[in-house]
Amino acid sequence: MREQLATGHAPGPGGGAGKRLTSASLALLCLLTALALAAGYANKARCTGPEFDEWGRSGPGYQERAYQDVCYSDVQNLWIGRDIDRHVFPYVHGSMDDSGELRGGTVEYPVLSGLLMWLGALPVDTDAGFLAASALLLAPFGLGVAWWLGRLSGRRALLWALSPPLVLYAFHNWDLPAVACAVAAVFAVHRAGPPLRNRAVLAAVLLGLGFAFKVYPGLFVLPLALFVLTGGRGGAALTPGTRYDVRGALAVLGAAAATVVLVNLPFAVAGFDGWWASFRFQSNRQVDLSTNSVWYWGLRDFAEVDGFQQAVGVLSPLLVLLSFAVACAVGWRLRERTGTYPWIPVSAAMLCGFLLLHKVHSPQYVLWLLPFFVLLRIRWGWIAAYLLADLAMGIGIFRWLGEASGINDGFAAQALVLGVWGRAALLVGLFPAFLRARSAVDDDEGGGGAGGSARAFALSAEGARPPDEPVGGGARPRQHDPVR
């Protein structure tokens, strides 16, 4: 495998040799990713058919099979319960009733995910067809992530192509487009071409689109703006005599905000209640088993206590924002020492804070974190431990749900507990580990990439050069709401 994924060596702009995957190696990387995606679809498809009821729901025993065989997916599950099976255009005629149920085509995800769900349902009339059509829509995004990561970080992209999470969760929910937007944004910033400000604005647009798929890529706009504010790598993009590029940073923030507004505005105008209901649903979501976060597993005995849900609804976002502030502040201190604001490490640390402290931690969120294992050089022990903990949690929770046993009973329950708390502990450790990590990005615009010299990484998590070097129909079935 190592021989097949050979690298070509091309000198970077600063004279260093940067390791690049050849075209054949990139093609092989995408092929391996396609095989992983095919395995992921085959795993989820085990829950489909062979019989279908009048609503197109698989049988017999759909729910029991989904849990016991660990082939559950939100894609198949949400075929019923959001009017997807009725091919209702999302949001425009929707609402949320007094009980918190979404009606009239509204789904609980941002508008671009809602559009993908609608498109996937158009040509089919069963949950099996919906899963297959959705997989066809999502797979190109997974392949795009592989290609961009291969261009950015060489052989490390095998972590994406061959990782268990891609098989388990590629078609669990509609996360691949958001992941693709985040990785494409990194690619836009770190490829040679237009000035940094222009590349960063393009990246901000991509992050804005990612926000309209799954929100989380929008977190990375702030560290990107700080990267531009300080002139990028080594301050090289600053004009002589200026300390900060304020206009560039504002352009990044404005481009991301404008993208979010332009994508959401047509839905808000056409049906405000249905559009706003998706945000209300997430805001009002209770801490329960379906959220799968440390808030539930650590405090579930208090879940029915008056005021508990309201308290978590305030405390969780406050702690998330505090973690963001800490990550950005540490990044600023690193910039003062190295000359480069480490926007990728700061983004990774912010994501760790979000995953740990947010009241929802769905299993497929590991796909959000996976590209940072590729883009940043952290110890392999961190990666292996996190993937093992996630695997224990991902398999354990569905087997435990299928067994309907107590949380202290059986192997599945123990695997779940170990996975949940092991993952949480690792996120705590990964927060500073990411901030200390060197970049694995083979950077066209600044030299010293994935294959550059050790000295090129000596002073900066972003690989900045040392400062002494030059810088260049009928009653419908009840919808199940498991972990998601």
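## What lines the largest pocket

The lining of the largest pocket divides into 16 nonpolar, 10 polar and six charged residues. This comes from a predicted model. The pocket has a volume of about 840 Å³. In total, 32 residues line the largest pocket. Those closest to its centre are V215, Q282, S283, F354 and H358.

## Where the lining comes from

Three helices each supply at least two residues of this lining: α9 (196–214), α12 (272–283) and α14. Which element gives the largest share? That is α14, with seven residues.

## Helix α14

Helix α14 covers residues 308–338, 31 residues in all. From its first C-alpha to its last, α14 reaches 44 Å. At 1.5 Å a residue, 45 Å would be expected, and the helix comes close to that.

What follows the helix? Just after α14 comes G339, which takes a positive phi of about 90 degrees.

## The chain as a whole

The chain has 484 residues. Its secondary structure comes to 18 helices and eight strands.

Of the 484 residues, 58% count as buried. The accessible surface of the chain comes to about 19,300 Å². Carbon and sulfur atoms hold 64% of that surface.

Terms used
Residues numbered from 1 in each chain as written. Predicted model: local features only at pLDDT ≥ 70, side-chain atom pairs only at ≥ 80, totals over all residues. Heavy atoms only, no water. Helix = DSSP H or I, 4+ residues; strand = E, 2+ residues; numbered from the N terminus. Expected span 1.5 Å × (residues − 1). 1 Å grid on protein atoms, 1.4 Å probe; cavity = no way out; pocket = protein on both sides within 12 Å on 5 of 7 lines; lining within 4 Å. Points joined across faces, edges and corners; volume = space filled by probe spheres on them. Nonpolar A, V, L, I, M, F, W, Y, C, P; charged D, E, K, R; others polar. Buried < 20%, exposed > 50% of the residue type's maximum accessible area, 1.4 Å probe, protein only. Areas by Shrake-Rupley, 256 points an atom, 1.4 Å probe, with all protein chains shown as cover.
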